[in-house]
Amino acid sequence: MGKWDWQVFLQDPGGKIPTYWQWLVSAWGWTVSVSLCSLVVALVLGSLVGVIRTLPDSPWLVRFGNAWVELFRNIPLLVQIFLWYHVVPKMFPVMAGLPPFILVVFALGFFTSARIAEQLRSGIQALPKGQRYAGMAVGFTTFQYYRYVILPMAYRIIIPPLTSESMNIFKNSSVAFAVSIPEMIQFAMQAGEETSRVTEMYMAVTVLYVISAMIINRIMAWVEKRVRVPGFVVAGGTGGH
Amino acid sequence: MKKQVLALAVMALAAGGAFAQANDTLAKIKSSGAVTMGVRDSSGALAYTIGDGKYVGFHTEMSERILADIQKQLGLPKLDIKRQLVTSQNRVPLVQNGTVDLECGSTTNNATRQKDVAFAVTTYVEEVRIAVKASSGINSIKDLNGKSVATTTGTTSVQTLRKNERAQGIDFKEVMGKDHADSFLLLESGRADAFVMDGQILAGNIAKSKAPADFKIVGEPLSVEPIACMMRKDDPAFKKAVDDSIKNQIKDGSLAKMYDKWFMQPIPPTNTKVGLPLSEATKAAWANPNDKPMEDYAKK
């Protein structure tokens, strides 16, 4: 496969960071921070919106939830990143003071929240109606029967798509390079240009993406195993109640 | 690496329906009757777009003349000139893999790139400068301490900036735009206090901006960089044809006329002047045409 030159990572890029591999590690740090922060935003907002989309007797909340999902699902991610970075601070001067990192986390978090909301809604609606009625019958308030009856089951159902979504957020974080976040894609582009070792740079970045995504995958697999309820949707089983 | 590049080149050629060896561009042009020139969309007056798929600028016009000379040399009755938009990040790979035959934009000729591609004789010598808002009070690189500084991903300016940062013991935040227009937007919108880039790109972006009077270019040049047309490596016949055409354009004065047209006269789309007179360094490069890399300029 030709000549590789992995020692390129030991060269000095000439700035505050002494070598390219240390720069790569810092870029990985940015990728991981953007992804994890966005994941937290996405899970919180996604759960909230997913729940209100299934609330009985609150047509306006349901409509708001639907609008949220359609808005963030129908605009390409890159466009959303640019909107958050260039347009939102113009419209709301308060936002102009926020660091770009926060804006990108919002962009990625809101985008993914729409997808998680949709998954949670399908999880809740996959449960038999009787569960909701049973909760009401024993005198639970709406909050209580969601908290103790519906959501514990719904979240277990949606763990597999949630795993994919968590891995997606790592991969999607690569668009952050477009708004000056010094993450791994920006590293690959710049360091590749400086050293003219583009292949090595992208190979290293690819390996780190795979590792990051695999770690998330393993964590989610562990969660799935830990929270399994015997007799209910079994991981690796054929499903059913 | 070579094998992969060759494989890519073969794939690109096969896809384009052209039959020629990757390393003989003249033969490829002759047999296919077509040539692909790399163009830029926001490299200041050197190469930019005025919309509608039209690409203009000093180097763009020069490369059109080079290709016309090559057409004459090959005795082709008709030459189909295709234009491929390239960016700072993809220009070198696209030239290597055969997608683009000749790229005349704002590519710095340096030793690292010379390992991958060949350069024609230098036609423009660039000085890396600092653009700031006129009201900012920044007058030299020392004033950048604690500020955020924009520059474009995939350019040599990023490295120049870092080296200056270390050498002068100052500390600033780098903000990397994805292209020159984006980096200028960072300066314009106040996300960055300065934009460090090739002087003419700064001048060109300022001339095109909504309020050119709001910006100024300050400070000593941070580095001097020869800008030249880029082509595939190990293709001496094609390089000679390109170099000869450039030398002729220098000799008959048409290059100087073109420089005046793009840098001193009002240019589309807004009919504003860049106003950047021919520098001594560029004059020297025209007097003694050469393809020395940037590193040789720094030694002086």
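Just after helix α6 of chain B, B:G169 takes a positive phi of about 65°; helices here are DSSP runs of H or I with at least four residues, strands are runs of E with at least two, and both are numbered from the N terminus. The model is predicted: local features need pLDDT of at least 70 and side-chain atom pairs pLDDT 80 or more, while totals for chains, interfaces and linings use all residues. Residues are numbered from 1 along each chain as its sequence is written, with chains lettered from A and ligands numbered from 1 in the order in which they are written.

Helix α6(B) itself covers residues 156-168. Its 13 residues reach 18 Å from first C-alpha to last, close to the 18 Å expected at 1.5 Å a residue, the expected span being 1.5 Å times one less than the number of residues. Buried in α6(B) are B:T156, B:S157, B:V158, B:Q159, B:T160, B:L161 and B:E165; buried means that 20 or more other C-beta atoms, placed from the backbone, lie within 10 Å of a residue's own. Their cover includes β8, β9, β10, β11 and β12 of chain B, together with α8 of chain A.

That last element leads to the contact between the chains. There, 18 residues of chain A are in contact with 22 residues of chain B, contact meaning C-beta atoms, placed from the backbone, within 7 Å. On the chain A side, α8 (184-195) and α9 (198-226) each supply at least two residues. The largest share, six residues, comes from α8(A).

Chain B is divided into domain 1 (2-123 + 228-299) and domain 2 (127-225), with bounds from an automatic or database domain assignment. Their centres, taken over C-alpha atoms, are 26 Å apart.

Notes
Two residues are in contact if their C-beta atoms, placed from the backbone, lie within 7 Å. A residue is buried if 20 or more other C-beta atoms lie within 10 Å of its own, exposed if 12 or fewer, and partly exposed in between; C-beta atoms are placed from the backbone.
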